Amino acid sequence: MLVTGATSGIGRATAVRFLECGAHVVFSGRNAQVLAEIKASYASTEHCARVATVAADLASVEQCRKLVASACTALPGGKIDILVNNAGIYDRRSIEATTEEQFDKMLAVNTKGPFLGIKLALEALKASGNASIVNLSSTAGLRGSFAVHYGASKGALRLMTKSIASTYAKDGIRCNSVHPGPIDTEMGHTAVPPDQLEERLYQRIPMGRFGTAEEVANVIKWLLTEAPENFTGQILHTDGGMSNVLV
């Protein structure tokens, strides 16, 4: 299993959940120091032999290539059974305040990164014979977003998911997208200023709270271990009912 953006938040919660279930897990992220700390934390545990870490910036094709090669070396049989494209960034600003460089960076990380990861891992995924790709999109990829460049990056990822699912089902590869709403992580709390949470956010979430990274990890675990074998190209919401609110 290869999880990108696994140094914190949803990615780390997902990697830890599957490690605890007995999977071999490659934690990937940009912060080499945090990855080293993660590796060290398992050094004297029963999970040690099943943990690998690889630092990579997924906006770089060369680093993506090295990541996939390292993952194939670390995982049993040189195959990638599961690829979780979680790495992403958020930047709250209006379209008027968004520069071309900021737009390009958003799509480079949130859209190009998963594209490169899937493209470069295809042979290792095909070798599995029963592989799954999970793309972490967002509720912003389903409807309008104040941060236009963020919504565009996540909407593109949603449609990429459907294209991969339809094209590679014959190769035994499933591909689905998970769309979290506001999540109680450092990045999740940048979406709305803290003093405006009650007025602008909590009232729009039927459950009245942020979700947790562990809850999203549980959705991913269900998708990968319990969902029907023909479940592919689908969208899963984990947003406390937010996307169902009548307007």
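The structure looked at here is a predicted model, where local features need pLDDT of at least 70, side-chain atom pairs count only at pLDDT 80 or more, and totals for chains, interfaces and linings use all residues. Residues are numbered from 1 along each chain as its sequence is written, and side-chain values use heavy atoms, with hydrogens and water left out.

Charged pairs make a handy starting point. Side chains of opposite charge can pair when their charged atoms come close. With a salt bridge taken as a side-chain nitrogen of Lys or Arg within 4 Å of a carboxyl oxygen of Asp or Glu, the structure holds 5 of them. One of these joins E62 to R65, at 2.9 Å from N to O. Both residues sit in helix α3 (residues 61-74), and because they are 3 residues apart there, about one helical turn separates them. (Helices, H or I with at least four residues, and strands, E with at least two, are DSSP runs numbered from the N terminus.) An α-helix has 3.6 residues a turn, so residues three or four places apart point the same way. E62 is partly exposed at 48% relative accessibility, and R65 is partly exposed at 39%.

Another salt bridge links K170 with D171, whose closest N and O atoms are 3.7 Å apart. Here K170 is exposed at 67%, while D171 is partly exposed at 24%. E215 and R209 also form a salt bridge, with 2.7 Å between the closest N and O atoms; E215 comes out at 31% relative accessibility, partly exposed, and R209 is partly exposed too, at 36%.

Next come the rings. Rings of Phe, Tyr and Trp (its six-membered ring) count as a pair if their centres lie within 6.5 Å, and the planes make the pair stacked when under 30 degrees apart, edge-to-face when over 60 and tilted for the rest. That rule gives 3 aromatic pairs. In one of them, F27 and Y42 are tilted, with 6.4 Å centre to centre and 40° between the planes. F27 belongs to strand β2 (residues 25-29) and Y42 to the loop between α2 (32-41) and β3 (51-55), so the pair ties together parts 15 residues apart in sequence. F27 and Y42 are both buried. The rings of Y90 and Y150 are edge-to-face, because their planes stand at 80°, with centres 4.7 Å apart. This pair links distant parts of the chain, 60 residues apart: Y90 is in the loop between β4 (82-85) and α4 (100-128), and Y150 is in helix α5 (residues 148-168).

Finally, the nonpolar cores, each a set of buried Ala, Val, Leu, Ile, Met, Phe, Trp, Tyr and Cys residues joined through side-chain atoms within 4.5 Å. The largest has 30 residues, and M1, V25, F27, V134, L136, V178 and I220 touch the most other members. Helix α7 (213-225) is among the elements that each supply at least two residues, and α7 gives the most, with 6 residues. Leaving aside neighbours within four places in sequence, V178 is in contact (heavy atoms within 4.5 Å) with residues including V134, L136, V216 and I220. Another core lies apart from this one, with 29 residues, among them V54, A56, I80 and A165.

Conventions: Buried < 20%, exposed > 50% of the residue type's maximum accessible area, 1.4 Å probe, protein only.
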